[in-house]
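Subject: Structure for your review

Dear colleague,

Please find below the structure that I am handing over to you. I would be grateful if you could look through it alongside the notes that come after it.

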Amino acid sequence: SLHDALPICATLSARALYDLKLAGGLGTGAAAAVPFFERMLYEGVSFGEGLGGANTVRGVARFRLAGDEKLLGGIQLRADLVSTALFGKSQEWGVGLGVDAGRARQAGYPAVSAVGAAVGIRMLWQRSVLARLDVGHALRVNGSALYVAFGQIF
């Protein structure tokens, strides 16, 4: 049942990330290279998945952008629209619209980059669990994906 119409509350969120992995700690030549599996991940307060996918560049395949140097940026507008009380529990429904961009560079190879846009539906269950359904589309490579995820993208 429809519980209450929420006053429309919108949030504009943005993020930027720069990640550089420096090789050389293990010696010279091939032994000094950043390991292949480390070129996909980005780090900070916690480890992140590679660039591409539900939490980075939506519409681009997961781990698609990899290299020793990575950049990630995104902006998203989220709006809460309506509240319901299905099964005796509260739900707050809203929408999200965002643009994500990523770039990765590996020494000796050309840089790779991608831009994705996404629109989605969001539901906050009992003010504790956020579920989202996003449709992402990669703008230059014409890839699309459907994501079911929990929590904010950022």
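The notes below describe what was found.

Please bear in mind throughout that this is a predicted model.

Overall fold

The secondary structure of the protein chain consists of 6 strands and 0 helices. Followed along the sequence, the pattern is therefore written simply as β-β-β-β-β-β. The chain has 154 residues, of which 36% are buried.

Salt bridges

In one of them, the side chains of Lys 70 and Asp 19 meet with an N to O distance of 3.2 Å. Since Lys 70 belongs to strand S2 and Asp 19 to strand S1, this pair ties together parts that lie 51 residues apart in sequence. Buried means under 20% relative accessible area. Lys 70, at 0% relative accessibility, therefore counts as buried, and Asp 19, at 7%, counts as buried too. Both residues also belong to a network of salt bridges that links Asp 19, Lys 21, Glu 38 and Lys 70.

The other two pairs involve Arg 58. With Asp 100, Arg 58 forms a salt bridge in which the closest N and O atoms are 2.8 Å apart. Asp 100 lies in strand S3 and Arg 58 in the loop between S1 and S2, so this pair ties together parts that are 42 residues apart in sequence. Asp 100 and Arg 58 are both buried.

The side chain of Arg 58 also meets that of Asp 134 in a salt bridge, at 3.4 Å from N to O. This pair links distant parts of the chain, with Asp 134 in strand S5 and Arg 58 in the loop between S1 and S2, 76 residues apart. Asp 134 has a relative accessibility of 2% and so counts as buried. Arg 58 has a relative accessible area of 1%, which is why Arg 58 is classed as buried as well.

The largest pocket

The largest pocket has a volume of about 190 Å³. Its lining is made up of Cys 9, Thr 11, Arg 78, Ala 79, Asp 80, Glu 92, Gly 94, Arg 122, Met 123, Leu 124, Leu 130 and Gln 152. Strands S1 (2-20), S2 (69-84), S3 (91-105) and S4 (112-125) are the elements that give two or more residues to this lining. Sorted by class, the lining residues are 5 nonpolar, 3 polar and 4 charged.

A nonpolar surface patch

At least two residues of the patch come from each of S2, S3, S4, strand S5 (129-138) and strand S6 (144-150). With a relative accessibility of 45%, Ile 121 counts as partly exposed.

Residues in the loops

Most residues other than glycine have a negative phi. Against that background, two residues may interest you.

Phe 87, in the loop between S2 and S3, has a positive phi near 55 degrees although Phe 87 is not a glycine. Phe 87 is exposed, with a relative accessible area of 74%. Gln 126, in the loop between S4 and S5, likewise has a positive phi, of about 55 degrees, and is not a glycine. Gln 126 is partly exposed, at a relative accessible area of 35%.

Pro 35 is placed in the loop between S1 and S2. At 36% relative accessibility, Pro 35 counts as partly exposed. Pro 35 and Lys 21 are 14 residues apart in sequence, and their C-alpha atoms are 9.9 Å apart in space. Lys 21 is also a member of the salt-bridge network that includes Glu 38.

Yours sincerely,

A colleague

Key
Residues are numbered from 1 along each chain as its sequence is written. This is a predicted model: local features need pLDDT of at least 70, side-chain atom pairs count only at pLDDT 80 or more; totals for chains, interfaces and linings use all residues. Side-chain values use heavy atoms; hydrogens and water are left out. On a 1 Å grid over the protein atoms alone, a cavity is a set of points where a 1.4 Å probe fits but cannot get out, and a pocket is an open set with protein on both sides within 12 Å along at least five of seven lines; lining residues have an atom within 4 Å of a point. Grid points are joined across faces, edges and corners, and a volume is the space filled by probe spheres set on the points. Helices (H or I, at least four residues) and strands (E, at least two) are DSSP runs, numbered from the N terminus. Ala, Val, Leu, Ile, Met, Phe, Trp, Tyr, Cys and Pro count as nonpolar, Asp, Glu, Lys and Arg as charged, and the others, Gly among them, as polar. Buried means under 20% relative accessible area, exposed over 50%, partly exposed in between (1.4 Å probe, protein chains only). A salt bridge is a side-chain nitrogen of Lys or Arg within 4 Å of a carboxyl oxygen of Asp or Glu.
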